[in-house]
Every structure is written in structure tokens, then in C-alpha cells.
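User: I am new to this structure. Please show me how to read a few of its features.

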Amino acid sequence: MQPPGLPKVVATDLDGTLLRPDGSVSDRTRRVLQRLDDAGVRVVFVTARPPRWLAELADVAGSHGTAICMNGAAVYDFGSATMTDVCGFELGALGSLVADLRASIPGVALAVERLDGPVYDPTFATEHPVPADLRRRRIEDTLSADPAHTVGKLLAVLDGAPPLDFFARVEATVRSRAVLAYSGAVGLAEMTAPSVTKAAALARWCASHGVAPHDVWAFGDMPNDLPMLGWAGRGVAVANAHPDVLAAADAVTASNVDDGVAAHLERLL
């Protein structure tokens with residue numbers, strides 16, 4: 001039985017929130033996650049990360065082992081390394097969106113995160129290692145109706161462009177055809193299919209498990225977390241969060257450097 005005062009679900013962003021700046025999980029956070037698991041509290045990671053970056057967290061995912069990934073495009077099960085509740089782009093709409101981005105923003109470089117892995121334009125700059133064969137393909141040449149090729153996220157960058165100006169140009173082109181999210185990577189525009197957000201995916205997952213919003217505590221740091229923090233019964237920002245998130249949160253805890261999520265939950269445990 002859950003101790004009094006504990007939520008039924010803790011939903012937390014990863015990078016910039018639960019994880020240290022180097023991407024590691026502190027011993028303190030590990031202990032708190034284990035205590036939540038022992039108390040029967042479901043911990044759900046809710047992240048912009050693609051599924052290929054989740055396996056490294058399997059040892060802290062707990063017995064429930066669930067992550068909502070790609071900003072809400074799929075639910076990842078750590079135990080089976082499979083995805084459910086996949087909400088990808090419709091291929092025709094994606095093709096039109098890609099063509100319009102190419103036309104309206106000359107020099108834009110694009111990438112897609114598919115269920116079976118990423119595909120990058122040759123000029124797409126990323127700080128993460130990418131196999132050379134993927135970097136040499138235009139994404140238009142890789143779109144197909146194969147379910148494994150379902151696109152969860154479309155990414156765009158423009159070398160040398162001021163981030164705010166670039167985002168404004170992407171937003172003007174995309175309009176309502178995609179959800180444009182900002183998860184903290186400077187100059188990276190992340191897009192999911194219409195209505196696909198962390199909050200929407202978390203709400204569906206909770207409904208399927210009989211959990212009401214007031215029984216959920218959510219933690220985040222960036223604007224793409226705002227709908228989730230607003231939906232949950234309690235939305236908590238870490239101290240290093242974006243100003244918009246700090247202003248909207250129900251509470252503010254310590255930064256991710258100081259294990260803010262763990263510190264906030266320790267008081268209950």
C-alpha cells in the first residue's frame with residue numbers, strides 16, 4: 001500500500017531535470033527511484049529522447065520500466081525494448097511539410113527519428129555520433145510505409161541562424177501541421193505530429209492505468225514540459241528550468257545538479 005501523501009505516478013523529464021548535466025543518475029536519485037518503486041509508485045520517464053537513448057537507463061527504470069519518448073510520439077517498455085501508442089506523422093503530410101521547410105528556409109538541414117532509428121541530411125549538424133551512411137541521405141529518400149519507418153520526430157537546424165529567428169521561421173512554415181517543441185538543444189527545432197505532446201501521451205497512459213491527473217506529480221525544466229506540468233495534479237520545476245517553466249510551476253525544487261527531483265520526493269518518503 002502506498003504511504004499517505006504519495007502520488008500514484010511520478011512523471012519526470014530526463015535531461016536537465018532528473019539527470020545530472022553529464023547525463024548520469026546520481027546515487028541519491030537512484031535510491032529515491034528505488035524507494036518509489038518499493039512503495040508502489042509508478043515512475044514514468046517523459047522525454048524528448050528517442051528510444052535508442054533509453055536502454056542505458058534500464059537499470060534505474062524500476063520494475064515498471066516505462067518511458068514516454070520522442071516528446072510523446074511513443075511509449076517505450078524497458079523490459080521488452082518495444083514501443084506502443086505510436087503517434088507518428090502521416091507520410092503525405094510529412095512529405096509536404098519537408099518540402100515547405102526546404103522552400104521557405106534555404107539551407108535548412110533536416111533529420112527524422114523513426115522507430116528503427118534516425119536518418120539525417122548530409123549537412124545536419126549534431127553533437128551526437130551518427131553512422132556515416134545515415135548522414136549521406138536526404139530524408140525524402142527514406143520515407144516509406146514500412147511501420148518500422150514510422151517518423152516520431154522531425155528535426156531542423158540552420159547553421160549560423162539566430163535560434164529565435166530560426167524558430168520563428170519554422171513556426172510560420174509549420175503552423176498547425178506539427179507541434180513545434182523546445183527541449184533545450186540550442187538551435188534545434190523539434191516537431192511531432194499534430195496534437196502529439198508529452199502531456200497528451202501521459203494523459204492517455206494514465207487513463208489506461210486508471211490514474212487521474214490529481215494523482216500525478218510531474219517534473220520538468222523546458223517549455224516542452226509545460227503542458228505536462230499543467231495537466232498533472234502537481235507540476236514541479238527544477239531551479240535551472242526555463243523562466244517560463246519556473247513561472248508556471250506549482251513548486252520549484254533544487255537544480256538537477258543538486259538532485260532536485262530526489263530532494264523534492266525525499267520529504268514524502
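User: Is F45 buried or exposed?

Analyst: Buried means under 20% relative accessible area. F45 has 2% relative accessibility, so F45 counts as buried. Keep in mind that this is a predicted model.

User: How many aromatic pairs does the structure hold?

Analyst: The structure holds five aromatic pairs. One of them joins F45 and F78. Their centres are 6.1 Å apart, with 90° between the planes, and the pair is edge-to-face.

User: Where do F45 and F78 lie in the chain?

Analyst: F45 is in strand 2, residues 42-46. F78 is in the loop between strand 4 (74-77) and strand 5 (82-84). They are 33 residues apart, so the pair links distant parts of the chain. F78 has 12% relative accessibility and also counts as buried.

User: Why is the pair of Y76 and F78 edge-to-face?

Analyst: Planes over 60 degrees apart count as edge-to-face. The planes of Y76 and F78 stand at 90°, so this pair is edge-to-face. The ring centres are 5.1 Å apart. Both residues are buried. Together, F45, Y76 and F78 form one aromatic cluster.

User: Now a loop residue. Which residues does S26 touch, leaving out those up to four places away in sequence?

Analyst: S26 touches R20 and D259. The side chains of S26 and D259 are joined by a polar contact of 2.9 Å. S26 sits in the loop between helix 1 (14-18) and helix 2 (27-38). Its relative accessible area is 9%, so S26 is buried.

User: What sits over the ring of W217?

Analyst: The charged end of R234 does, 5.1 Å from the ring centre.

Definitions and conventions
Residues numbered from 1 in each chain as written. Predicted model: local features only at pLDDT ≥ 70, side-chain atom pairs only at ≥ 80, totals over all residues. Heavy atoms only, no water. Helix = DSSP H or I, 4+ residues; strand = E, 2+ residues; numbered from the N terminus. Buried < 20%, exposed > 50% of the residue type's maximum accessible area, 1.4 Å probe, protein only. Polar contact = N/O pair within 3.5 Å; in protein donor to acceptor, adjacent residues only side chain to side chain. Contact = heavy atoms within 4.5 Å. Phe/Tyr/Trp six-rings, centres within 6.5 Å; stacked < 30°, edge-to-face > 60°. Lys NZ or Arg CZ within 6 Å of the ring centre and 35° of its normal.
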